[in-house]
Amino acid sequence: MSDSPSTSSPSVIAPPAIQVDGILFDIDGTLFDSDPCHLAVFQDLLLEQEGFNGGKRIDEAFFRVKIAGRQNQAICQEFFPDWDRERAEEWSAQKEARFRKEAAGRLEAMKGLEKLMEWIEDRGIKKAAVTNAPRLNAEFMLGVIDKLDWFDELIIGDECERAKPDPMPYQIAMERLGLSPENTIVIEDSPSGAAAGAASGALTIGILSSQPEKALLDAGCKALIKDYEDPVLWSILGDNN
C-alpha cells in the first residue's frame, strides 16, 4: 500500500529465543500483502452507501484504524447499526466476492515465507492459519500459494463463538494442536489480531505490512519484523536452528 510503514529496521529489541513447538499465522496481510485489494473493494462498496463518510471515499488511514483485521460482522455493526443480520451478511458476501475477483492474479507470498515454511517442516513444528476472513476467502488465498493443505489447522473467526480481537480463535488452535502458549508464536499484521494473539498468552510478533509500529506494539506485539527474512525473527527462533 502507498504511505506504508517505514521499511527501516524496527526499533524494537527482540525477546529472547524460545523453544518453539508451534507457529500460528494470520492470513490477510501476514502471508500476503492483501490489504491493497481489500482497501480498493471497501472504497468502492462504502462509496455506494449514501451518506457514509460524508459521501467521501475512505482513505488508507481510515482503513487501517477502522477495518483492517476486523470481522465483517463487527464492521457492519459499527458502520450500519440499523441493518438486520440478513442485509449485513448479503453485503459481506458481496464484499468478499469482489475481493476474490480483485485479488486473483495479484497476491504474492510475503518475502521469506517459503524459507520459514521449509524451516517449520524440517523441524516438525506444528502450524495453523487463524483468520477473521470468511472460509471461502481463506481457502482461496491459501490456494494461491498451494498451501491449503499445508497447515495442520485452519481456524475461522466466524466459526468460533468469538472472533479476534478475542483470543478464542488462537486458544482453539493451540488446544487442537496440543500447544502451550509459552511455546507458541503468533504472527499478525493488525491491531485486532495482535491483541488476540497477545491475550492468548503466545509470543506475538507483528509484521509491518500495513500498520505503523506503535499500533502493533500497543496491541501487545513483543517484536516487529519487516518480512520473514528479518533477523529479528530468526533471532527469536535461534534455539531451534
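Some ground rules before I start. Residues are numbered from 1 along each chain as its sequence is written, and side-chain values use heavy atoms, with hydrogens and water left out. Because the model is predicted, local features need pLDDT of at least 70 and side-chain atom pairs count only at pLDDT 80 or more, while totals for chains, interfaces and linings use all residues.

Let me begin with the rings. A pair of aromatic rings is described by the distance of the centres and the angle of the planes. Here, rings of Phe, Tyr and Trp (its six-membered ring) pair if their centres lie within 6.5 Å; planes under 30 degrees apart are stacked, over 60 edge-to-face, and the rest tilted. How many aromatic pairs does the structure hold? There are 14. One of them joins phenylalanine 79 and phenylalanine 80: the ring centres are 6.2 Å apart and the planes stand at 90°, so this pair is edge-to-face. I will call a residue buried under 20% relative accessible area, exposed over 50%, and partly exposed in between, using a 1.4 Å probe and protein chains only. Phenylalanine 79, at 12%, is buried, and phenylalanine 80, at 10%, is buried too.

Another edge-to-face pair is tryptophan 119 with tryptophan 234, with centres 5.8 Å apart and planes at 85°. This pair links distant parts of the chain, 115 residues apart: tryptophan 119 is in helix H5 (residues 113-123) and tryptophan 234 in helix H10 (residues 231-236). Helices (H or I, at least four residues) and strands (E, at least two) are DSSP runs, numbered from the N terminus. Both tryptophan 119 and tryptophan 234 are buried. Phe79 and Phe80 also belong to one aromatic cluster, together with Phe42, Phe52, Phe62, Phe63, Trp83 and Trp91.

Two lysines sit over rings. The test is that NZ of Lys or CZ of Arg is within 6 Å of the ring centre and within 35 degrees of the ring normal. Lysine 115 lies over the face of tryptophan 234, at 4.6 Å from the ring centre. Lysine 127 does the like over tryptophan 150, at 4.9 Å.

Next, helix H4, residues 85-103. The expected span of a helix is 1.5 Å times one less than its number of residues. For the 19 residues of H4 that gives 27 Å, and the end C-alpha atoms are 27 Å apart, which agrees. Which residues of H4 are buried? They are Ala88, Trp91, Ser92, Lys95, Glu96, Phe99 and Ala103. These cover an arc of only 135° around the axis, taken from the directions from the helix axis to the C-beta atoms, so they lie on the same side of H4. An α-helix has 3.6 residues a turn, so residues three or four places apart point the same way. The face of H4 turned away from the buried side carries the exposed residues Glu86 and Lys101. Helix H1 (35-47), helix H3 (72-79) and helix H6 (135-144) are among what covers the buried residues. After H4 comes glycine 105, with a positive phi near 80°.

Histidine 38 lies in helix H1 and is buried, with a relative accessible area of 7%. Contact means heavy atoms within 4.5 Å. Leaving aside neighbours within four places in sequence, histidine 38 is in contact with Asp28, Phe63, Lys95, Glu96 and Phe99. A polar contact is a pair of N or O atoms within 3.5 Å; within protein, one must be able to donate a hydrogen and the other to accept it, and residues adjacent in sequence count only if both atoms are side-chain atoms. The side chain of histidine 38 makes such a contact with the side chain of aspartate 28, at 2.9 Å.

Last, some loop residues. Serine 209 lies between strand S5 (203-207) and helix H9 (213-219), and at 9% relative accessibility serine 209 is buried. A polar atom of the serine 209 side chain lies 2.7 Å from the backbone oxygen of glycine 29.

Two residues other than glycine have a positive phi near 55°: asparagine 53 and aspartate 146. Is each one buried or exposed? Asparagine 53, in the loop between H1 and helix H2 (60-66), is partly exposed at 33%. Aspartate 146, in the loop between H6 and S3, is exposed at 68%.

Finally, the peptide bond from lysine 164 to proline 165 is cis, with omega near 20°. Proline 165 is in the loop between strand S3 (153-156) and helix H7 (168-177).
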